Amino acid sequence: MHPQFVDYAIIAIYFIFVLGIGFALRGRMKTSEDFFLSGRSIPGWITGLAFMSANLGALEVMGHAANAAKYGMFVNHFYWLAAMPAMCFVGVFMMPFYYGSKVRSVPEYLRLRYDEKTRTLNALSFAFMTLLVSGIDLYAMAILFQRLLHWPFFASVLVSAIVVMIYIYLGGLTSSIYNEVLQFFLIVFGFLPLAILGLKAVGGFAGLEARLPNAGYAHTWAIIWHANQNPMGINWFGTIFGLGFVLSFGYWCTDFLVIQRGLAAKDMPSAQRTPLIAAIPKMFFPLMVILPGLVAIALDPTTKELLGGRYDNALPAMLGRFYPSGLLGIGLTALLASFMSGMAGNVTAFNTVWTFDIYQTHVNPGQADKHYLNMGRFATIFAVAVGIGTAFIVLKFNNLMDYLQLLFAFFNAPLFGTFLLGMFWKRTSAHSGFWGLLCGILAAATHYTLYHYRVISYPSDMAANFYQAIVAFTTCFVVTIVVTLFTEPRKEEELVGLVYSLTPKPRNENLPWYQRPGILAVGILAVCTVLNIIFW
Amino acid sequence: MGLDIRWPIGIIFTIYGAILMVFGLATNPEVFQSSMGVNIDLWWGVAMLVFGLVMGALALRSSRQ
């Protein structure tokens with residue numbers, strides 16, 4: 001791959017626009033609500049695309065292309081089995097509580113529904129996890145630029161980190177969300193030609209299927225019924241319950257990184273539509289990340305010529321193989337945009353949780369609003385600086401996906417148990433949330449230790465992660481129920497707006513049909529079912 | 001809202017589309033061996049330009065109202 005002047009110019013223009021959006025929004029950050037929640041003023045289509053884009057980090061794009069090259073169409077489950085139902089569920093059933101209760105963060109909801117200690121435990125674990133994850137995007141970006149443009153690793157990390165820091169520092173969540181919308185379109189336009197050129201090179205879908213290493217590569221469902229039939233070594237129970245239920249609902253329904261975009265929406269219907277609007281492009285993303293991975297392995301079954309022996313190279317290698325100068329600049333910009341949107345999502349979620357749930361609650365309460373706005377800006381610098389540090393930790397790991405799924409299985413999986421019981425069972429007591437969550441995290445730690453020291457074994461690391469999530473969730477769920485049965489329930493009038501059975505349903509009769517969350521969700525699931533059948 | 005996000009999107013896609021089209025027309029066709037002889041810069045440049053102009057038009061329409 002030999003980038004020319006035109007490619008560098010395209011990348012430079014991108015940096016100018018990203019920073020320009022930050023500067024344009026600088027004067028509008030007057031209160032902490034402006035900075036952390038965009039003053040709850042953004043239309044649904046913008047928060048929806050930002051919701052999608054914040055999730056489109058390095059791992060999502062390069063990691064799933066790599067997984068597709070390694071495991072085949074099994075990876076479709078991350079989209080059509082895992083993400084779609086969870087995104088519809090959070091939009092229709094959970095967003096009314098997040099948005100309606102006027103909380104500023106996911107941990108703050110836990111304080112209202114449970115108590116202060118539940119919130120603090122979640123805020124600390126989330127802040128910790130977010131900092132560890134934010135280094136991944138920086139690392140991936142730096143590696144790419146080191147390889148393609150021959151910049152030194154440290155210089156690449158520093159330049160990318162500083163650009164993200166500047167636009168969030170200036171424009172807060174609004175700047176992050178606006179950039180995510182721009183980044184979303186750049187990602188689509190940057191990767192779509194790869195699918196078109198890739199399919200042309202292998203002779204369409206029929207040609208692709210014929211050139212894949214084995215028949216299982218071309219199937220999503222046909223290979224999951226027995227563990228020994230699919231390359232990940234996971235049977236239908238681990239796939240459907242571990243990935244499709246625990247990990248996906250844990251991520252999409254409780255991870256503040258994505259929920260925060262919904263909270264920035266201008267009204268309740270826009271907040272509910274945020275994850276649903278995100279689900280529509282998400283449904284078709286396998287075309288842009290999984291298909292290039294499959295083409296890569298079809299063109300290079302030994303992984304030696306094109307991929308240089310590493311599946312992680314699948315997407316960059318395909319860009320280099322098919323993109324001429326000019327389009328190459330657009331493709332590199334798309335990769336850069338994906339890393340920056342992923343990183344910015346982590347930074348904005350961190351600075352909000354840190355400022356509201358840790359600093360304002362425990363360190364320095366009762367200050368003027370301006371003080372917390374400045375703290376948010378300071379936390380942005382801090383998060384980026386720590387992100388640079390974690391990029392060097394990540395450098396020591398050799399498998400990024402393991403690192404990430406491990407963190408999710410530790411923190412998100414048990415949290416979903418706490419939310420499910422808290423939102424849909426009014427009996428759940430104030431104390432039970434903390435103990436359930438703590439035991440869930442400890443169960444994940446125990447499972448990880450046993451696996452690490454080979455007391456228990458699984459056919460692949462991914463299988464271990466799925467089962468760790470199942471163990472953590474089940475422990476949290478059972479402990480929360482048991483503690484609830486031995487402690488006092490909360491008064492019902494305190495739980496209005498927080499629990500499903502005690503909250504008036506949002507009224508949608510006056511909305512046109514295409515704006516109603518329920519109808520959108522049913523439509524999305526119907527199309528998703530058709531996709532599952534086509535690629536069965 | 002203050003800033004209509006469709007403006008920066010419209011402008012950057014118009015610029016990118018124009019760059020790709022000009023580069024696609026002006027450059028030596030040997031460059032397109034990697035894309036199997038398709039002048040993908042020209043065609044994708046047209047697509048990006050059209051998208052950029054539509055976004056800009058939408059932003060203009062709503063700013064006039």
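Me: Which residues of α11(A) and α12(A) meet?

Reply: In this predicted model, R261(A), G262(A) and L263(A) of α11(A) meet A271(A), T274(A) and P275(A) of α12(A), where contact is C-beta atoms, placed from the backbone, within 7 Å, and helices are DSSP runs of H or I, at least four residues, numbered from the N terminus. Local features need pLDDT of at least 70, side-chain atom pairs pLDDT 80 or more, while totals for chains, interfaces and linings use all residues. Residues are numbered from 1 along each chain as its sequence is written, with chains lettered from A in the order written.

Me: And at what angle do α11 and α12 of chain A pack?

Reply: About 135°, with the axes 8 Å apart, the axes being lines fitted to C-alpha atoms over the stretch in contact and angles running from 0 to 180 degrees between N-to-C directions.

Me: Switching topic, how many residues does each chain put into the contact?

Reply: Chain B gives 22 residues and chain A gives 28 residues.

Me: Which helix of chain B gives the most?

Reply: α1(B), with nine residues; α1 (6-26) and α2 (40-64) of chain B each supply at least two.

Me: What does A413(A) touch?

Reply: Leaving out residues up to four places away in sequence, A413(A) touches V246(A), L247(A), G250(A), F408(A), A444(A), A469(A), A472(A) and F473(A).

Technical notes
Contact = placed C-beta atoms within 7 Å.
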